[in-house]
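Thanks for coming, everyone. Let me put the model up, and then I'll talk you through it.

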Amino acid sequence: MEISISQIEKILKKENLLKEIRIGDNWLYQFPVEEYETKFLDLQSNSRTIKRDTNTLFFCKGLTFKQAYLQIAIDNGVKYYLADREYKIDDHQVTGIIVTDIKKAMALLAAEFYQHPEEKLTIVGITGTKGKTTTAYFLKHILDRTFHQKVALLSTIDTTLDGQNYFKSHLSTPVALDLFRMMNEAVENGMTHLVMEASSQAFKQSRVYGLRFNVGVFLNISPDHISPIEHATFDDYLFCKRQIISQSDVMVINQDSRYYSFLHQIIDEKNVPEITYGRQLSADYRIEQEARFSFVSQHLGQLLEFHLQLDGDFNKEDATAAMAVSQKLGASVDDCIRGIEETVVPGRMEQFELHQNIQIYVDYAHNFDSLNRLLNVVRNQHPDHTLWVVTGSTGKKGLNRRVGIGKAIGNFADYAVLTSDDPDTEDPNDIAKAIAGAINNPKVHVKYIEDRKSAIQFALQKAQTGDAVVVSGKGEDPYQKINGVDVPYDGDAVVIKKLIKALDNASNG
Ligand SMILES: CC(=O)N[C@H]1[C@@H](OP(=O)(O)OP(=O)(O)OC[C@H]2O[C@@H](n3ccc(=O)[nH]c3=O)[C@H](O)[C@@H]2O)O[C@H](CO)[C@@H](O)[C@@H]1O[C@H](C)C(=O)N[C@@H](C)C(=O)N[C@H](CCC(=O)O)C(=O)O
Ligand SMILES: Nc1ncnc2c1ncn2[C@@H]1O[C@H](COP(=O)(O)OP(=O)(O)OP(=O)(O)O)[C@@H](O)[C@H]1O
């Protein structure tokens with residue numbers, strides 16, 4: 001892979017991103033002609049991963065970027081850097097390409113460098129506050145059947161670029177340099193389709209700038225991701241999410257979502273074909289006849305029965321979104337039925353049983369909407385028994401989640417064991433106090449146990465026959481983020497399996 005200076009100049013000028021080219025104190029608006037054919041064989045934004053003998057274009061990106069990183073890059077042989085700020089560089093052998101928006105420039109240049117892998121893949125982009133990963137998993141299962149296992153996946157949990165081997169993801173949507181590199185790898189591996197989550201940050205940070213989605217999916221929106229490092233306001237959050245509309249050839253959208261009529265106006269104005277789903281009579285894919293593990297979907301007068309392993313009415317919405325996308329891409333009804341039936345998602349609605357009649361639910365719900373819906377489902381299944389919730393909330397981000405989690409607990413739970421969930425630099429006890437303060441139901445018992453494993457153990461030991469224990473918020477995360485470091489943690493499901501074994505052994509004698 002490579003990109004030449006003339007290609008870079010052309011793209012930046014076309015997009016009106018180029019401010020100036022700086023060599024020492026000299027300002028230029030075009031590169032010296034003799035440099036046009038200079039080619040970069042690597043794009044890097046991390047001074048720690050520069051390959052010394054490879055001609056590299058170095059991106060000085062991000063609020064936390066320091067001039068010292070650029071100096072390290074230069075010491076390692078970098079001769080050209082791209083930035084949206086001025087850096088004082090004495091070395092006249094080093095050229096600065098100064099742009100108005102580095103993140104947009106990164107996305108456009110990465111696409112060119114990797115020879116536009118996005119044009120060689122059919123791409124489904126999924127946005128929504130909740131259900132992105134679940135929908136992506138349903139889609140992967142269905143489309144794998146239709147397109148002979150040639151489906152790459154970029155999800156919050158896992159990434160696969162060859163359709164079979166998975167590795168852990170760092171972000172829901174990778175930064176542009178990684179995203180286009182991964183797409184290229186998927187193409188080289190023979191993949192024909194890519195299912196990817198498109199987080200609000202992906203749009204805000206221009207990680208997907210210029211990318212077209214063959215199908216865009218808008219699942220839902222509820223207040224979340226408001227913090228100094230995410231979105232300053234809900235308005236900004238919605239604005240970022242709705243960018244998916246102008247980047248999609250077709251939109252699949254939940255007609256029951258908040259702001260649907262607003263979003264519909266934009267879809268309409270932009271002339272994007274729309275496919276709706278939901279529980280309303282007018283939805284193109286209508287969910288009806290819902291039972292715990294099955295539902296009927298009505299589409300164009302055809303009634304189809306679906307069975308699924310995932311409990312919860314919200315998962316029926318995600319399955320229906322996946323079916324609507326899959327049919328648009330050519331999947332058969334049979335592929336949809338079988339793909340949905342076989343899908344399980346790590347850390348989402350996983351269920352375990354203790355002493356035969358204490359039901360334990362592990363789920364990733366960690367804001368008001370998702371926890372409220374989850375607890376509603378569990379409460380309905382255990383109307384006369386104690387509902388235990390073991391949960392916490394993240395430090396530094398999603399700050400409004402604390403009040404939302406407290407409200408949801410107040411609506412449905414009997415006993416809350418508040419604990420740690422990625423406290424980062426905050427005191428988990430302070431986070432727990434904020435949650436407890438929002439539980440506006442005096443009948444709810446509240447206990448704080450900082451260590452998550454001990455908190456789960458407490459609930460399992462205290463629960464009685466018929467009770468339900470919901471362990472929520474971390475899903476299968478194998479770490480706790482503490483002071484910026486991911487400290488290894490077994491994961492809720494593993495902790496629970498070990499505790500069940502120990503408690504069963506103890507009760508058997
Ligand atoms: C690492 C980090 O914390 N980055 C945050 C930061 O990004 P930024 O671009 O301004 O700065 P940066 O990423 O720190 O970049 C620093 C640069 O210095 C470079 N560096 C660093 C050290 C060094 O020695 N040498 C060096 O060159 C790094 O390689 C990097 O290129 O500031 C941004 C604006 O505030 C944040 O969005 C971004 O959050 C990170 C990426 C993050 O994890 N964000 C989360 C919230 C996120 O994106 N989550 C979504 C899911 C949530 C959703 O649904 O919206 C996701 O897609 O995963
Ligand atoms: N359609 C939905 N509506 C509301 N809640 C949902 C929906 N689908 C899933 N959930 C809940 O949200 C939790 C997270 O689901 P999932 O991981 O699929 O969402 P996500 O959008 O990828 O989340 P995140 O942005 O937090 O990574 C689930 O464990 C479940 O409790």
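Quick housekeeping. This is a predicted model, so local features need pLDDT of at least 70 and side-chain atom pairs count only at pLDDT 80 or more, while totals for chains, interfaces and linings use all residues. Residues are numbered from 1 along each chain as its sequence is written, and chains are lettered from A and ligands numbered from 1 in the order in which they are written.

Okay, the layout. The protein chain comes in three pieces: domain 1 (3-113), domain 2 (117-342) and domain 3 (350-508). Those bounds are from an automatic or database domain assignment.

Back to ligand 2. Which residues come nearest to it? Out of 21 around it, they are Gly-131, Lys-132, Thr-134, Tyr-364 and Ala-365. By "around" I mean that the C-beta atom, placed from the backbone, lies within 6 Å of the ligand. Domain 2 and domain 3 each put at least three residues into this shell. Helix H4 (132-146), helix H10 (313-328) and helix H12 (368-381) each supply at least two, and H12 gives the most, with four. Helices here are DSSP runs of H or I with at least four residues, strands are runs of E with at least two, and both are numbered from the N terminus.

While we're on H4, have a look at Ile-142, which is in that helix. Ile-142 is buried, because 29 other C-beta atoms sit within 10 Å. The cut-offs are 20 or more other C-beta atoms within 10 Å for buried, 12 or fewer for exposed, and partly exposed in between, with C-beta atoms placed from the backbone. Gly-339 is 197 residues away along the chain, yet its C-alpha atom is 4.2 Å from that of Ile-142. Not counting residues up to four places away in sequence, Ile-142 touches Ala-322, Ser-326, Ala-331, Asp-335, Cys-336, Gly-339 and Ile-340. A contact means C-beta atoms, placed from the backbone, within 7 Å.

Now over to ligand 1. Where does it lie? Domain 1 and domain 2 both give residues to its shell, so ligand 1 lies between them. Of the 22 residues around ligand 1, the nearest are Asn-46, Gly-62, Leu-171, Ser-199 and Gln-201. That shell has six nonpolar, 12 polar and four charged residues, and its largest share, three residues, comes from helix H6 (200-204).

UniProt, in an unreviewed entry, puts a "binding site" feature at Ser-47, Ser-172, Thr-173, Ser-199, Gln-205 and Arg-207. They span 161 residues in sequence and the farthest two C-alpha atoms are 26.4 Å apart, so they do not all gather at one spot. Bear in mind that UniProt positions are given in the numbering used here, feature names are shortened, and annotations may be inferred rather than shown by experiment.

Let's take two of those. Ser-47 is in the loop between strand E5 (42-44) and strand E6 (56-60), and it is buried, with 20 other C-beta atoms within 10 Å. Arg-207 sits in the loop between H6 and strand E14 (215-218). Buried or exposed? Arg-207 counts as buried, with 25 C-beta neighbours inside 10 Å. Leaving out residues up to four places away, Arg-207 touches Ala-107, Thr-173, Pro-174, Val-175, Ala-176, Leu-179 and Ala-202.

What about domain 1 against domain 2? Their C-alpha centres are 34 Å apart. The contact takes 10 residues from domain 1 and nine from domain 2. On the domain 1 side, seven residues, the largest share, come from helix H3 (102-113).

Last stop, the core. The largest nonpolar core has 139 residues, and Ala-110, Leu-194, Val-252, Leu-375, Trp-388, Val-469 and Val-470 touch the most other members. H3 gives the most to this core, with nine residues. Such a core is a set of buried Ala, Val, Leu, Ile, Met, Phe, Trp, Tyr and Cys residues joined through C-beta atoms within 7 Å. Beyond its neighbours within four places in sequence, Leu-375 contacts Leu-387, Val-389, Ala-408, Asn-411, Phe-412, Ala-413 and Val-470.

Terms used: Contact = placed C-beta atoms within 7 Å. Nonpolar A, V, L, I, M, F, W, Y, C, P; charged D, E, K, R; others polar.
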